[in-house]
Structures are given as C-alpha cells and as structure tokens.
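Please have a look at the sequence and the coordinates before reading on.

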Amino acid sequence: MLILSRKVGESIIIKVGSNNIKITILESNNGTLKLGFEAPKEIKIYRSELYEEIVNQNKASIIDDITQAANLLKKEIPNNISPKYKSINLK
Amino acid sequence: MIKDFDTKLGSVKIDTEKIIKFEYGIPGFENLTQFALLKPESSFPIMWLVSLEDKQVAFPVILPQLIRNDYEIILPEDISDYLELEKPEDAVVICILTIPQNTEDITINLAAPIIISLKNNKGLQLLIENSEYKIRHYLKDEIERNNQLLSVQRDGG
C-alpha cells in the first residue's frame, strides 16, 4: 500500500488511463476527514462499506437449487403490476 | 448468430447480438461481462440473470414494481447516455432477490437495481445512495405494504 501524508487543503491526483481523479482534504474534525472528489462523471465513487455490502449481497444471491428457490418465491409473490407508476426517470 | 451457452438453467440458445454486456461488471463478479435474462415460464414472475461465461452464476431477479408498486429511481444523465436511453421504456429495471433456506428471510435489493438497455443491450448495476431503498428489504414486509397500497388505490380510485 502506498502511504502519503496530506494536510487540510492539500490534494492527491490518481491517474487512470487518460482520466485524472483529484481528491482534496477539505476538513479535519476529531478524526473525521471531509474529502472532495473531482473526477469525470463516468468514474463512480462510493463509500467502501456500501460497495462491499452490495458485493456480499450479490454473492449471497447465488444459490445452488434454483428450482426449489423459484417454487418458494412463487408462493410469496403476487402477480399484479399497476401501470400507474413507471420505475425510472431520466434526468 | 445463434449460439448454445451452458448456463445455470441448462443449455440455452441465444442470439449473440442480444447478449447483455455488463462492461463494468457486477460488484463481486467484475470478471463476468456477458449475461442473458431468462424468463422460464416455470418460475414466472422470477427471472434469471445468467452469466454466459460462468455457469454457476445466476441471479434471481424480479420486476421491482411487483413488490413495490411505487418503486421509482432517477437515472443520472451519464448513465442514461451510456445506455442510450431516450425514454423510460427503453430500459428494463430488475432487482436481485436473496433466497435463504428460510422463506421468511427472503430479501430484495432495492438499493442496487440492474438496469438493462433495450437500445444497446448494455447493462449495469446502479448503486443508489441515501434513499429510502435499502440493500435488504424483507419480501414479506414489502408485499404487505404493497397490498395496502394497492387496496388504497382501488378504494380511492
């Protein structure tokens, strides 16, 4: 692991291919750091715990006996979709 | 070109032009990029997002509106550009189910839906932060909530 020391107001740049990601230390308060990120919008930035939780959940959803699982689920799920709502909105 | 693929659901014939490409991978499965959405009648309304590269990998998925009638997400512009979406109908939104041994504990991931473009056959798992949608919603609670919502809609017109 590369270790760098930075003061408030200082930043680092991570270069990924032709993309630059700039991370600035904005504030330090009782052990909590506030970070600012500047990156192209296709670079997605997440809190590690959220990303890792999704990784774990995705892995947990892989099951061996898919027939049994499907039968269990079918009993639980109603089959009534309402056309009232659409599920995505485009910005 | 129609090709045979070995999947968790057995051998399936898929038009290679219709393969769903997850170029950025799915968290935890970053090395897999080619998927298909299978809708066997026997497991309806559950569908399976199956890997065409690793036959062990199949995600049980469902249309979130079946579980949560008012499910709604906003796609950031860069994502709808990447998926070449012009209108909401250009995409299929599905959510992954986690099915443990005990059916009481089945959960649905509403915080990280899978979006598949019908325009360019690209797919991705969107991570939604800071919303009412969580990674684990108990299916039982959701269905109960949904039934209440639907009965209000019926009664209220």
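A word on conventions: the model is predicted, so local features need pLDDT of at least 70 and side-chain atom pairs count only at pLDDT 80 or more, while totals for chains, interfaces and linings use all residues. Residues are numbered from 1 along each chain as its sequence is written, and chains are lettered from A, with ligands numbered from 1, in the order in which they are written.

**The two chains**

Helices (H or I, at least four residues) and strands (E, at least two) are DSSP runs, numbered from the N terminus. A residue is buried if 20 or more other C-beta atoms lie within 10 Å of its own, exposed if 12 or fewer, and partly exposed in between, with C-beta atoms placed from the backbone. Two residues are in contact if those C-beta atoms lie within 7 Å. With these terms, the chains can be set out in a table.

Chain B has a radius of gyration, taken over C-alpha atoms, of 16 Å, close to the 15 Å from the globule rule (2.2 Å times the number of residues to the power 0.38), so chain B is as compact as a globular protein of its length. Its C-alpha atoms fill a box of roughly 50 × 40 × 30 Å along the principal axes. Chain A, read along the sequence, runs β-β-β-α-α-β.

**Where the chains meet**

In the contact between the chains, 36 residues of chain A meet 49 residues of chain B. On the chain B side, the elements giving two or more residues are β6 (58–62), α1 (64–67), β7 (73–75), α2 (77–82), β8 (91–98) and α3 (139–156). The largest share, five residues, comes from β8(B). By type, this side of chain B holds 33 nonpolar, nine polar and seven charged residues; here Ala, Val, Leu, Ile, Met, Phe, Trp, Tyr, Cys and Pro count as nonpolar, Asp, Glu, Lys and Arg as charged, and the others, Gly among them, as polar.

Strands pair if DSSP finds at least two bridges between them. Strand β4 of chain A (residues 88–90) pairs with β7(B) in the parallel sense over three bridges, and A:Ile88 has B:Ile73 as its bridge partner there.

**The core**

A nonpolar core is a set of buried Ala, Val, Leu, Ile, Met, Phe, Trp, Tyr and Cys residues joined through C-beta atoms within 7 Å. The largest one has 45 residues, and B:Leu49, B:Val61, B:Ala91, B:Ile114 and B:Ile115 have the most contacts inside it. At least two residues each come from α2 (66–76) of chain A and from β5 (47–51), β6, α1, β8 and β10 (114–117) of chain B. The most, six residues, come from β8(B). Leaving out residues up to four places away in sequence, B:Ile115 touches B:Leu83, B:Ala91, B:Val93, B:Gly123, B:Leu124 and B:Leu126.

**Two residues of chain A**

A:Asn71 lies in helix α2 of chain A and is partly exposed, with 14 other C-beta atoms within 10 Å. A:Glu42 sits in the loop between β3 (32–38) and α1 (48–60) of chain A, and counts as exposed because it has 11 C-beta neighbours inside 10 Å.
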